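Hi everyone, thanks for making time this morning. I'd like to walk you through some charged side-chain pairs, so let me put the model up.

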Amino acid sequence: LNDYILETKERLDLKTEMLEKNLAAVDKWPEETFFSKKDSTLKKNTAFVKKIRNFSESYKEALRTDFEGLNLSKYVGEVASAVTEAKIKMSDIAFMLHLCSVMYRRYSEFSGLLLDAWRKSFSQQKSEKSLNLSKLRLDLVLFADLITIGVLPDSDSVRILSSQLTQLTYGDKESYTNIGIITSFLRVCGDDWAGLIPRKIRLLSEQLGIPVPRSTFLPNERKTKCRGLFQDYYSGARSRLMAMASETRRVLASNRAHLANRGELHAERKERAEQLIAACRKFHESVSLFSDVVDEELPLSAAALITDSEDGLDADGQLREAVEIDVVNNPIFEDEDTRLFYESLPDIKAMVPGILYKESEQSVLKPVSEPQPSEPADKTMPTEELDVDKVEIEIAEEADRLAAEELVCPGSLLPPSSCVEVSGQDKEKTFGTDDHEEEGPTNAKMLMETFLTQLPNCVNRDLIDRAAIDFCLNLNRKPNRRRLARTLLMVPRSRCDLLPFYARLVAALHPVMPDLSQDLNEMLLDEFRWHVAKKDQVNLEMKLKTVRFIGELVKFRIFAADDALSCLKRLLPNFVHHQIEMACGLLDTCGRFLYRSPQSHLRTKAYLEVMRRKKTAVHMDQRYVTMIDNSYYYCDPPKTMCQFGAVELTPLQRFLRQLLWRDLDKNSVNRILKLFRKIDWTDQATFDFAVTLFTGAWQVRYQSIDWLASILSGLSVYHKDFAIAVVDNIIEDVRVGMEINDQTLAQRRLSMIKYLGLLYNYKLVDSPVIFTTLYSLITFGVSLDYMNPSPVDPPSSTMRISLVCVLLNTSGCYFARGKKRRKLTVFLVYFQRYYWSKRMHPIWIPPLIKKKSTSSNSALPQDPAVCRISEDQQQADTPAAAEAEATDAAVLAEALPDFKQTNFPSIVEQQFEETLRQLRMNPIAQNLAQAQNLVERLEKRYEQRLQRLKALYGLASDTTGAKVAKSSPGLGRTGQMETISEEAENDELKLDEDEFPLEDDNYEDDDDDDFEEYEGNGQSQEPNGDVCDPYHDTGETSGRSYNHKVCPASSSQPLFLPLNLFILYIYDRLQLADLLKEHLCSVVPWNSD
């Protein structure tokens, strides 16, 4: 309000001052002697007139200076004509008023000549076919202000102005194209000629009690007549707006009825509705501005005018389906990150100057035609679902129409040799560019080439957004936009991962370059129609790339959902082979978006039902049946699925989660430990949440799991029940991972198995837990029968090998001496058999036979016993192994005709070899036969001990069961392996050093317990309260004899043993007799022969 008052006061003071000077100059014109001192040369006077005619901001000072030194007596008429012809801006009106005022005070004839020039100018504009509306808008304001300051004669000039305003208002009662001119005139001269100020200013002035300066140049009678003229014009414009809104609602309602009854909407109807909505919104904006300057009540918003609940329209004027979708439990996008990727786009208009996209922004704006009367629409909107039977009939009719359709192969699918034969007209139609348009500066071409070369490297949201801004800043030319569209269309078929990012690039540029998205949509539609009409069974990857690109653009709302459903409808008549692949590919990309969008829900649901009917009625390959089911349930998941809502965390819980899962590193471990010690451990909710945090090791960076175990070790001194609960959850998670065997949990299982090994390093679990886990990994649910694979551990799954290697690499270095080393050696023998049973499976390509067995450490001398095994036995085992493998492969190939061998994962093979080399295992088996031989020799050594155990429990020797077990090799549970590993601790039954050499076996270091004697007071902290680190402590020694004390001082009692492992340990010992009595030889193989 203050700005408006200040501006109005300055304008009124300026006009008042000019008016007083002009009235005082009447009949006081300068004498002839005054002009004799001025410059009358033709050149300077002509230049002065030319500067006025070609007026610009830079000529103001020159005109002021030249006017004082020139004698324009002979050029007054030319100056008057130049004033009426000058193309000025609204900000230049004050200078033109000053120039005309000084001319009026110096030259008496200037007023009459200027009026004649204006009369001539207005008459010429009236005779012209197309008015220059921008110049007329400024001419009216300048002409009215010249009358106000007394330069023009009052009577004649008022008559001319009145005639112009009457012609603009009464002569424009149909289209109201002059509403912008009238609005501009009233905004500047409304108070002078009609006594009107903007409605917002008047209401604000009345509310605050601040008076607004008013004009007093004209009498109130004249202002009243002008005000009535403008108010009548506003009433007609408002009626016109209401008629347009009613027509728009009627057409939209008709389209919705047509869509509900037919299942699709023709392009002509859709285009007409869009034009009506655009015209209604544009005219509403003009009427709103005009209502403010004439001080009338504002009309309803455009959305309110178009929206009608009875017509089923939403606030944007779009069709609203009569369905209710639970957007909370069934969101359009899967998660928040996906929603932000498709909806949070960079605002190019706010980042780039408007001059850089002004031309491209208006490149495809279609002229809005006048609304034509259309057929009446039925006001009763059908709310029931589409009839699937009718949809199938329409699809059958669609097949006949498509058969008669003639298509031309798109240019992107033509081979390079065929492009030369395309005519010039077809080339322009196909490729969308001419040769002369590609011409440009060399540096511009190089910039475009560089941009297109680097575009495939934009594989995240930030890079593709920067690419969009860079293209708009430096490369926004029409040839470049067409070339970019072709480049996006011709993305390699093997790089479908780029399609979401390319679609985001198009969506980001769409507000400023709509022609780019339009060209890309047309080319994609041409490719799709050609692929469908061709009906060949080649180039499947190209077809899938096209439909997936369409799907990505649909999710960005660049490709219309109606067009996408029309593409799906084209695939349904001939629903076989590649048409099934393309339909499922389209639905897998944007099916859920279409199904959960209100505008396309009914049609998508109907087409999905048609697909399911065709799947049932037609005999299809099982692969196609699975694809159709997957697409259907991706779009419409089963209603029995559990819907979990987001858990609201307290500020303390969010803080603790941030500490462990985000901020944990080497430098912050001590600080985080101190913070966790300060929380309220008596609060059960906080206690349970802390257990959940410390259990989720997969949520922490893999490199930071070590520090997580270190913090848990420090907390175990003060909260043993907390540490027990965490360890129990970790062991349970490892067990559940073996039972589920879900490949999506691979990273989680690796993190948890490493976490378990680190807990042993920090003395939170003992060695039986580690060995029980190791044996479970190679025995639980394992089957060596190639024809009866285990669903828990299928032959194609090598995850357990990686888990064993990670656990051994984490804790194996602490099994280097004594009893634990002997137990580890026994386990490695069984682990090699498990590995080679996987490696030699017929589904894998067999490894190359090595001529010479490699030792685990080249620096170690070859043992004679090892040499005997590797040389004498290898010659016997290798042919037998090859023959057995060939037999198994032949049986498998006979059972599965389409069976093909594949390469064994090299990373797993390398990981296995590195683990054995680091643990200095010797000997290392080179095939399954050698691994089985090592197991048999190991079990044979303990045959006498096993017989004594049977006699002790009153069991007879079951050679039959042994033979069955041997004939059907299968790894059972951990019974026999654990027994042998425990017997390896007995000093009376030692391993044969010739067959199983143990390096660095120091019997003086044998320990009966897992934990060493503790020194000092048994605290788990350094004097400064920091956590001791067994890996980075300077006082680290071999084995586990470090000074990280987390147990009480007594060495006879370990820290704790989780309850479930304790029960399992006792159960295995007490139930051994029962297991043997039940003759579970297939589960626990006994080698009694």
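Let's begin with Arg202, which is partly exposed at a relative accessible area of 23%; buried means under 20%, exposed over 50% and partly exposed in between, with a 1.4 Å probe and protein chains only. Before I go on: this is a predicted model, where local features need pLDDT of at least 70, side-chain atom pairs count only at pLDDT 80 or more, and totals for chains, interfaces and linings use all residues. Residues are numbered from 1 along each chain as its sequence is written, and side-chain values use heavy atoms, leaving out hydrogens and water.

What does Arg202 pair with? Its side chain meets Asp295 in a salt bridge, 2.6 Å from N to O, a salt bridge being a side-chain nitrogen of Lys or Arg within 4 Å of a carboxyl oxygen of Asp or Glu. The two residues are 93 apart, with Arg202 in helix α11 (residues 199–208) and Asp295 in the loop between α13 (267–293) and α14 (302–306). Helices here are DSSP runs of H or I, at least four residues, numbered from the N terminus.

Next, Glu581 and Arg623 form a salt bridge at 2.7 Å, N to O. Glu581 sits in helix α27 (residues 578–596) and Arg623 in helix α29 (residues 622–635), so this pair ties together parts 42 residues apart in sequence. Glu581 is buried at 8%, while Arg623 is partly exposed at 43%.

Coming back to Arg202, salt bridges with shared partners join Arg199, Arg202, Glu206 and Asp295 into one network. By this rule, the count comes to 38 salt bridges. Thanks, everyone!
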